[in-house]
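Student: I should like to work through this structure by question and answer. Where would you begin?

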Amino acid sequence: MSASVRVRLIVALAALAAAGAAVGVTLATRTDVAKDTSKPPPYAADPTARPEVAQAVQEALRAWPAGTTRRLRILAQRYPRSGLVRFELGLALALTGQQADATKAWQDAERVQPDSPSAVRAQDLRHPNTPPGLPPFVPGFSQPTSAAQSRLLRGATFQQGLRPVSAEREFKAAATLAPADPEALTAAAVGLYDKDRPALAFSHLGPLARRFPHAQTVRFHLGLLLIYFGDLGRARRELALARSEGPGTPLGKRADTLLKAGRKP
């Protein structure tokens with residue numbers, strides 16, 4: 001399992017153990033606004049941003065506090081498809097107490113460049129009481145033995161890079177190649193998860209639990225999505241079912257770890 005997936009599973013552990021307590025993101029959040037405006041907004045590197053855009057954003061941040069917001073607004077006009085510019089603009093606006101405008105800037109970041117780390121981080125900041133990032137698909141295999149499994153691994157790699165649209169595309173392709181495979185179908189459902197519209201993923205994953213009642217991957221990922229959604233009671237039930245389908249498998253062991261974390265005070 002990659003380091004990125006481990007981090008997101010650790011976050012899920014924290015959410016389960018906290019029994020609904022807020023899990024803060026590592027960047028600025030609503031609760032940080034107005035605490036300290038002497039420091040500039042943190043720069044969150046986005047590999048999908050063009051080098052000249054990244055450089056211009058960093059120069060704008062170095063102008064803090066005078067001129068940063070104005071420069072970022074100019075950059076937003078100059079680079080209308082840049083999620084990074086709008087994400088950083090939202091941070092600057094939030095740190096100066098302009099929360100409504102900050103939220104709009106983060107929504108714009110998601111709209112103009114949805115397949116980017118900046119879009120994922122923007123959604124995190126609009127949902128500060130949820131685990132950061134999106135729930136990961138965790139393959140039940142280490143080496144692919146089919147074309148569908150190769151697409152699943154590519155999708156998981158895109159997820160690790162915070163590229164949700166590309167990940168969703170790979171997962172959908174895997175499900176097309178293997179329409180009767182619960183793992184491919186589960187990945188396709190997980191790839192649909194959106195914090196604004198979580199029902200879409202659940203509407204695909206829920207029926208899979210009925211179609212494949214003993215598929216460990218379905219139960220495990222349903223439990224994981226429920227953690228992100230905040231329904232910890234149902235998450236525990238699904239994780240317990242996942243563990244019962246094979247306590248010694250990799251997914252069974254991870255389900256057990258999540259369940260044990262949920263029992264900690």
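Tutor: We begin with a term: helices are DSSP runs of H or I with at least four residues, numbered from the N terminus. The model is predicted.

Student: Is S82 buried or exposed?
Tutor: The cut-off for buried is under 20% relative accessible area. The relative accessibility of S82 is 7%, so this residue counts as buried.

Student: Which residues does S82 contact, leaving aside its neighbours within four places in sequence?
Tutor: A polar atom of the S82 side chain lies 3.5 Å from the backbone nitrogen of L84, but L84 falls within the neighbours left aside. The contacts of S82 beyond them are V53, V112 and Q113.

Student: Which element gives the largest share of the largest nonpolar core?
Tutor: This core has 42 residues, and L225 is among those that touch the most other members. Elements giving two or more residues to the core include α7 (147–160), α11 (216–229) and α13 (250–262). The largest share, 8 residues, comes from α11.

Student: How many residues does the second, separate core have?
Tutor: Its members include A49, V53, A54 and L125. V53 is also one of the contacts of S82. The second core has 28 residues.

Student: Over which residues is the pLDDT below 50?
Tutor: The mean pLDDT of the protein is 88, and 85% of its residues reach 70 or more. Where pLDDT is low, the predicted coordinates should not be read in detail. The pLDDT is below 50 over residues 3–35.

Technical notes. Residues numbered from 1 in each chain as written. Predicted model: local features only at pLDDT ≥ 70, side-chain atom pairs only at ≥ 80, totals over all residues. Heavy atoms only, no water. pLDDT = per-residue confidence, 0-100. Contact = heavy atoms within 4.5 Å. Buried < 20%, exposed > 50% of the residue type's maximum accessible area, 1.4 Å probe, protein only. Polar contact = N/O pair within 3.5 Å; in protein donor to acceptor, adjacent residues only side chain to side chain. Core = buried A, V, L, I, M, F, W, Y, C linked by side-chain atoms within 4.5 Å.
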